[in-house]
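Please examine the sequence and the structure shown below.

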Amino acid sequence: MSVITTSRQGPVLILISDNPPVNALGAAVRQGLQAGIEEARSDDSIQAVVITCAGKTFFAGADITEFGKAMAEPSLPVLVDAIEALDKPVIAAVHGTALGGGCEVALASHYRIAVPSAKFGLPEVKLGILPGAGGTQRMPRVAGVEVALEMATKGDPISAAQAKDAGLVDRLAGEDSLLADAVAFANEVIGKPVSRSSERPVTVDPETFAKFRAANAKRFRGLDAPNTIVDLIEQTAGKPYAEGVQAERMGFMKLIMGQQSAALRHIFFAERKAAKIDGIAEDIQLRDIKRVGVIGAGTMGGGISMNFLSAGVPVTIVEMAQDALDRGTGTIRKNYEATAAKGRMTADQVEKAMGLLKPTLNFDDLAECDLIIEAVYESMDVKKDVFGRLDKIAKPGAILASNTSYLNIDEIAAATSRPQDVLGLHFFSPANVMKLLEIVRGAKTADDVLATAMALSKKIKKVAVIAGVCYGFIGNRMLMPRQIEANTMLLEGATPEQIDKVHVAFGMPMGPFQMADLAGVDIGWHRDPTRIENIRDALAAEGRWGQKKGAGFYDYDEKRTPSNSPRVAELIEEWRGKLNVPSHEITEEEIVVRTLYTMVNEGALILAEGMAQRASDIDVVWVYGYGWPPYRGGPMFWADTEGLKKIVEGLEKYGFEVAPLLREKAEKGEKFNR
């Protein structure tokens, strides 16, 4: 069956794309559209064309399976120019999302009509590229330079109403009468001169670009694509369309051949790959999860609950004391109301979510749940006690999950008579915001339990990765060498600022010591001020618990702005003397090797032990859970780009034991991500 079907309503030719799931602009779609435009050009009885889509959306972008391959003819730039060149009016009738190439098809059409729920976007920047089919040239002419800059550099879609205000949409259709309204619109404009986007002038205040750069300097720091887009739109603003499109093509080719785009495309595909569980049939029967139980109403338990409530899944939340339960449910409501205040939820949606929450002090109420997640204190004894109690009351077939970030899932599962139903669901804090979920596969975890958890992660909009049972799983295990080396370098002559600076320059949102201050220096501290075994103990004993106390590894003013601390420098000096550690000048290169190369080394051990299914899964964990810059593609992808031989040499230079898998791949000239 053809992906493009044609029909006639009087003098109007209707081209309908039916290429599920998102009407991607693959070769067959482009060829079908080109044939339809050619039919309209050569048939005098056709006086207008409507381009629309079947299914849930208008064209939502390029066909990702064509990435990295030669594009079959017609290419998208050729197709959109053919649409615009037609001497008969072409109307794009939009529902769902017109994204990327889909938005460029709409821009090349002479008129655009959309249902109120439709959205328009140019998300190419998120893959490290720019709109390559006239988007950077037509959008400023149709919607103005400011709108074009916002859409193309940030990649976020705008609503149909915003698009109409900007001039991108000519008319709003009825939500259920798009095609009829589009055909009526087409009949109105038959015989009138067509309105070609490329022929409109670009009007702009030259100051616009400087202001836009200044306002987004922090956001665009180190990023090739958004900076290239701003330069391109500025440089072509006063030039003819044909010249601008040529510059766009050159900019597109330069970006797509670049390292950042390769990294961002790697993460795009890695996220999709992570959802595939090795050794489990795709059509496995999933367990039915109608109600979720959460043990603990603290920050973590509350955040976990919100994920399910927002997805329409009822939650039973259990606490031991009424005040803790009230505090927890109060925080959930406050978080929802804050979201509503920003316009991201309606008051009705807040009440609907809260209406699905059942707070209780009765542990036995968990008997009605199909999945129970424990989010209590990080102690093996406490967790084993909880799972022993759950074993007695949970219904047969209920999935029992621990939110532990380090502890052994097999040991926890052994506290029950049903280890096949037990797994780890490691949410990241704040759990209602962070996208990453580590699904920890125990030695006895049943396949259907794992597959159900993966399916559920999609429902609650998480990016899930399968991890094996080891201390710290994937993310925290790789974090450990970084933290150990950062602390050791303090004693050897580095300052917290020096180490953090290297990490921020690399693209991390913050360095190890800034992160410690934000999270709380006292996290995991033994709470005995007389027992001081390292610098962190010394800071914690003095009440330097980080930003919340105005002092940690840095001093903070009332706006939480950090400054270097003379007291911390003194403490480091004291410890250096006490431990008799000789100091030396620490270079940027040494910091990179000891805090970043060591993470790659740990990643190689994780892969060799089968604790991660694939190298790209490790990359997904670090990009979505730990602030690794997406434009560097994750630690294992970055290692490939650095060169594994260089990583090995760096590790050897500073006396580290090189993971056998890393050495083997370096010697064979291989990569982690093939």
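## Cysteines

Cys-369 is buried because its relative accessibility is 0%, where buried means under 20% relative accessible area, exposed over 50%, and partly exposed in between (1.4 Å probe, protein chains only). Cys-470, with 14% relative accessibility, counts as buried too. A disulfide is a covalent bond between the sulfur atoms of two cysteines. With a disulfide defined as a pair of cysteine sulfur atoms within 2.5 Å, the count comes to 0 disulfides.

## Basis of the model

This is a predicted model, in which local features need pLDDT of at least 70 and side-chain atom pairs count only at pLDDT 80 or more, while totals for chains, interfaces and linings use all residues. Residues are numbered from 1 along each chain as its sequence is written, and side-chain values use heavy atoms, with hydrogens and water left out.

Helices (H or I, at least four residues) and strands (E, at least two) are DSSP runs, numbered from the N terminus. Strands of a sheet pair through backbone hydrogen bonds, either parallel or antiparallel. Here two strands pair if DSSP finds at least two bridges between them. An open sheet of 6 strands has the order β1-β2-β3-β4-β6-β9, with mixed pairing. Its edge strands, β1 (4–9) and β9 (171–172), each pair on one side only. Helix α1 packs on this sheet and touches β1, β2, β3 and β4, and its direction makes about 175 degrees with that of β2. Contact means heavy atoms within 4.5 Å; axes are lines fitted to C-alpha atoms, for helices over the stretch in contact, and angles run from 0 to 180 degrees between N-to-C directions. Within the sheet, β3 (residues 48–53) and β4 (residues 90–94) are parallel and share 3 bridges, and Val-49 stands opposite Val-90 in β4.

Where is Asn-19 found? This residue is in the loop between β2 (12–17) and α1 (27–42). The side chain of Asn-19 reaches the backbone oxygen of Ala-24 at 2.8 Å. Residues up to four places away in sequence aside, Asn-19 touches Val-3, Ala-24 and Val-29.

## The three-stranded sheet

Another open sheet, also with mixed pairing, has 3 strands in the order β5-β7-β8. At its edges are β5 (97–99) and β8 (158–159), each pairing on one side only. Strand β7 (residues 119–121) runs antiparallel to β8, and 2 bridges join them; Lys-119 stands opposite Ser-159 in β8. Helix α3 (residues 101–108) packs on the sheet by touching β5 and β7, and its direction makes about 95 degrees with that of β5.

## Strand β16 and its partners

All 5 of the 5 residues of β16 (residues 436–440) are buried. On one side lie Leu-436, Glu-438 and Val-440, and on the other Leu-437 and Ile-439, so that both faces are covered. Strand β15 (residues 422–427) is antiparallel to β16, with 4 bridges between them, and Gly-424 has Val-440 as its bridge partner. Strand β17 (residues 463–467) pairs with β16 in the parallel sense over 5 bridges, where Ile-439 is partnered by Ile-466. From β16 the chain passes through helix α18 (residues 447–459) to β17 in a right-handed β-α-β crossover; right-handed means that, with the strands pointing away from the viewer, the path from the first strand over the helix to the second runs clockwise.

## Ile-233

Ile-233 lies in helix α10 (residues 224–236) and counts as buried, at 2% relative accessibility. Apart from neighbours within four places in sequence, its contacts are Thr-136, Pro-140, Val-145, Ala-148, Leu-149 and Phe-209.

Key. Polar contact = N/O pair within 3.5 Å; in protein donor to acceptor, adjacent residues only side chain to side chain.
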